[in-house]
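Welcome, and please open the model in your viewer. We will go from stop to stop, with something to select at each one.

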Amino acid sequence: MPTFLAPDGTELAFDVKGAADDGVAPLIVIPGGPMRDPVYLGDLGGLSARRQLIILNLRGTGASAKPADPASYRCDRQVADVEALRVHLGLEQLDLLGHSAGGNLAVLYAAAHPERVSTLTLAAPSLRVLGLGPTDEGRKEAWQLRKDEPWFAEAEAAVSRIDEDEDGASEEDWLLYARFVYGRWDKEIEKFEIASAAQSNDEAAGAFGSDGAYDPATTKAALAKVSAPVLILAAEYDWNPRPLVAAQAAACFPNARLTIQPRAGHFPWIDDPEAFVRLITES
């Protein structure tokens with residue numbers, strides 16, 4: 001797996017999926033989690049057949065080394081890692097995609113280096129960087145969209161048990177809870193969900209959004225200089241973000257558009273790969 005050095009000397013890795021296409025820049029992908037092994041992204045539902053994907057293994061995840069300073073897991077401090085990847089690849093500008101918590105890092109990179117961003121795509125992004133974190137109201141609103149599902153009552157009861165005693169919740173309760181995270185539920189999705197437990201660096205995840213990581217007012221002001229096209233893809237059933245909140249985020253950019261993937265949750269390329277690829281690639 002190819003590697004490069006971050007400014008602090010940490011060796012970072014990246015996955016390459018799909019063939020290079022003359023005249024078409026690769027799509028640089030920042031995983032979510034936060035700080036999850038990028039294996040969960042796969043090839044983004046077949047997107048690698050349309051665009052070469054270069055998937056950054058964030059420090060301490062996947063094949064990347066753990067840093068000497070755990071404080072460097074903080075989201076804003078990893079902006080330098082993305083810039084180091086750009087330099088290593090010899091690219092003047094980046095087509096950048098961030099999923100979930102990786103959306104925060106992608107936004108911070110764009111705010112810090114607006115001239116280096118040719119396109120920015122935020123797929124089911126966390127928007128804490130803009131002061132638009134998830135809310136209980138948004139979660140309940142999203143869940144009510146599933147009220148006609150045959151599993152709804154059982155999953156709602158599991159959520160109540162988790163809210164009352166998270167540490168004592170059973171594996172079955174968590175799997176029932178997870179049904180709200182996806183647009184569909186079958187053996188493939190269940191396998192994907194079970195695998196997620198071993199894919200997170202918990203120490204890094206705890207530091208990612210720690211105090212000082214985000215300054216929404218400053219970031220919003222800096223985004224005024226981002227002239228590149230921005231696509232925010234939200235999902236109908238997702239609560240982080242809800243489509244209305246994603247629209248508020250789009251308003252923070254001079255040149256942004258919002259698209260909603262129907263009947264999808266927080267991992268839209270898993271729920272409906274064809275729809276995801278179409279929405280990501282259509283102009």
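Start by selecting methionine 35: with a relative accessible area of 0%, methionine 35 is buried (buried means under 20% relative accessible area, exposed over 50%, partly exposed in between, with a 1.4 Å probe and protein chains only). Methionine 35 sits in the loop between E3 and E4, and has a positive phi of about 60° although it is not a glycine. Helices (H or I, at least four residues) and strands (E, at least two) are DSSP runs, numbered from the N terminus.

A word on what you are viewing: this is a predicted model, where local features need pLDDT of at least 70, side-chain atom pairs count only at pLDDT 80 or more, and totals for chains, interfaces and linings use all residues. Residues are numbered from 1 along each chain as its sequence is written, and side-chain values use heavy atoms, leaving out hydrogens and water.

**Backbone stops**

Now select proline 34, in the loop between strand E3 (27–30) and strand E4 (53–57). The peptide bond that reaches proline 34 from glycine 33 is cis, with omega near 0°. Most peptide bonds are trans, and most residues other than glycine have a negative phi.

Where is the next cis bond? It runs from asparagine 240 to proline 241, with omega near 10°. You will find proline 241 in the loop between strand E7 (230–235) and helix H9 (243–250).

Next, pick alanine 124, in the loop between strand E6 (117–123) and helix H3 (136–144). Alanine 124 is not a glycine, yet has a positive phi of about 45°. Its relative accessible area of 0% makes alanine 124 buried.

**Aromatic stops**

Rings of Phe, Tyr and Trp (its six-membered ring) pair if their centres lie within 6.5 Å; planes under 30 degrees apart count as stacked, over 60 as edge-to-face and the rest as tilted. The count by this rule is 16 aromatic pairs. Select phenylalanine 4 and phenylalanine 14: their ring centres are 6.2 Å apart and their planes at 45°, so this pair is tilted. Both phenylalanine 4 and phenylalanine 14 are buried.

Then show tyrosine 182 and phenylalanine 192, an edge-to-face pair with centres 6.1 Å apart and planes at 90°. Tyrosine 182 lies in the loop between H5 and helix H6 (187–195), and phenylalanine 192 in helix H6. To see one aromatic cluster, select Tyr40, Tyr182, Trp185, Phe192, Phe267, Trp269 and Phe276.

**Last stop**

Finish at aspartate 167, in the loop between helix H4 (152–164) and helix H5 (171–178). Aspartate 167 counts as exposed, at 78% relative accessibility.
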